Amino acid sequence: MKVSVFGLGYVGCVSAACLASMGHEVIGVDVNQVKVDLVNDGKAPVVEERIGELIADVVRTGALRATDDVREAIMGSEISLVCVGTPSEANGSLCTTYLERVTEEIGAALAERGGRHTVVFRSTMLPGTCLNLLLPILEKYVGGTAGVDVGVAVNPEFLREGTSVRDFFDPPKTVIGELDTASGDAVRALYDGLPGEVFRVPVPTAEAIKYADNAFHGLKIGFANELGAVCQALGVDSHQVIDVFLADRKLNISPAYLRPGFAFGGSCLPKDLRSLVHAAQRADVSVPILSHVLPSNSAHLQRAVEMVERTGKRRAGLFGLSFKPGTDDLRESPLVELAERLFGKGYDLKIYDANVSLSRLLGANREYIETRLPHLAHLLADSVEEVLDHAEVCLVGTRDPAVLSALPHGEGPVLIDLIHLPDAEARRTEPGYMGLAW
Ligand SMILES: NC(=O)c1ccc[n+]([C@@H]2O[C@H](COP(=O)([O-])OP(=O)(O)OC[C@H]3O[C@@H](n4cnc5c(N)ncnc54)[C@H](O)[C@@H]3O)[C@@H](O)[C@H]2O)c1
């Protein structure tokens, strides 16, 4: 393919050289004349493993050249990769100035060019930037409709500085956020022959994936370092701890606990986090990540309360009360906390939890309910229907099949889904459905 690459920094320069080495005809564009000259001299404008030889090779064969002339690049290419910088502003917000400028320039050149061309944003940008900010600019300058007259896609890059050439040819994944199928097909063709799974997703999803990855990577490093510091202070070999931790592929290095859902609770996690943070504080070890896990959990629970408030309804129902399915353990159950917050705010609440009703009958948890939660005891309903008949707004915090099969579709009470119901995707478009964080 004939490819333009805008921005010859780390990302653009590696993408341009690697694509050229795959057989594409690539023209790099940068406003910085020094970078343009370096590339045309067969030299890398950035320091990276293998990039020097690669650029020398592809420039010698004519597969890669550089220019500062946007029009020249657009006229001679069918697809553009935008790799300009998106630095932080002083207040932490994303600077989109370079993206806006280059989109204007590409759009203006495309207006003259005619014929289909696909603009692919590779720069990291917040969800919504492409569709709400850049696409209108492009359409204005092109004088046409995106997805019809000009293709648009977002293709975040996951290369690591230092090993980016190697990562390009063996990527962890390829993510294509496509405005329309033809745009996605054009990006797909660009990487034909490379290994790794390809994900074709809506444009904002592609934008968000990059942030999910980088936030998680930062969180992992911070977690490991805080844990290391606490272990060190407690005289424990942190690397031995982490080696065993990493060996657990069921609960630790796995998808477990990584899907948006409801707050955690129970008799272990809150207690153990509290005592670990307390031990760190006693040892004068600062652990900002670990010490904010419980506040983060509480903030998530509060989101559910605020959702109920936003409905303006007063008669509420809650399905689920124990801290997780299949148990009647109510200790530090986030659903008990939720019920208490709603009760405290004066909601007319009814609660159904098959395990808790059963245990009440058998007396297993009777004492706990009667002594610790007497205010909730009389809110417990005996059937799913009793709650559905009562409630104008229902919070669903259990996967109990009896509850799931009784939940109405698009009529009856507003449904606040706390757990991402099995049919959440289908329900998202139904009136009265609210997902807690989806
Ligand atoms: N560096 C990385 O490892 C990495 C990894 C993944 C994603 N990203 C993202 O990729 C994007 C680029 O990062 P980078 O590190 O390559 O940036 P960089 O600052 O090294 O390079 C950006 C280049 O764009 C050029 N530029 C600016 N405006 C231009 C215009 N109108 N026309 C042509 N060129 C223009 C600049 O002169 C510069 O050479 C950023 O959004 C970044 O967050 C970077």
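The shell around the ligand divides into 10 nonpolar, 7 polar and 6 charged residues, where Ala, Val, Leu, Ile, Met, Phe, Trp, Tyr, Cys and Pro count as nonpolar, Asp, Glu, Lys and Arg as charged, and the others, Gly among them, as polar. The model is predicted: local features need pLDDT of at least 70, side-chain atom pairs count only at pLDDT 80 or more, and totals for chains, interfaces and linings use all residues. Residues are numbered from 1 along each chain as its sequence is written, and side-chain values use heavy atoms, with hydrogens and water left out.

In total, 23 residues surround the ligand, each with a heavy atom within 4 Å of it. The closest are Val11, Asp30, Lys35, Thr86 and Glu161. Helix 5 (97-113) and helix 1 (10-21) are the elements that give two or more residues to this shell; helices are DSSP runs (H or I, at least four residues) numbered from the N terminus. The largest share, 3 residues, comes from helix 5.

Polar contacts are pairs of N or O atoms within 3.5 Å. A polar backbone atom of Val11 lies 2.8 Å from an oxygen atom of the ligand, and an N or O atom in the side chain of Lys35 is 2.7 Å from a ligand oxygen atom. A nitrogen atom of the ligand is 3.5 Å from a polar side-chain atom of Glu105.

Arg50, in the loop between helix 2 (33-40) and helix 3 (51-60), has a positive phi near 70° although it is not a glycine. Arg50 counts as partly exposed because its relative accessibility is 40%, between the limits for buried (under 20%) and exposed (over 50%), with a 1.4 Å probe and protein chains only.

Notes:
Polar contact = N/O pair within 3.5 Å; in protein donor to acceptor, adjacent residues only side chain to side chain.
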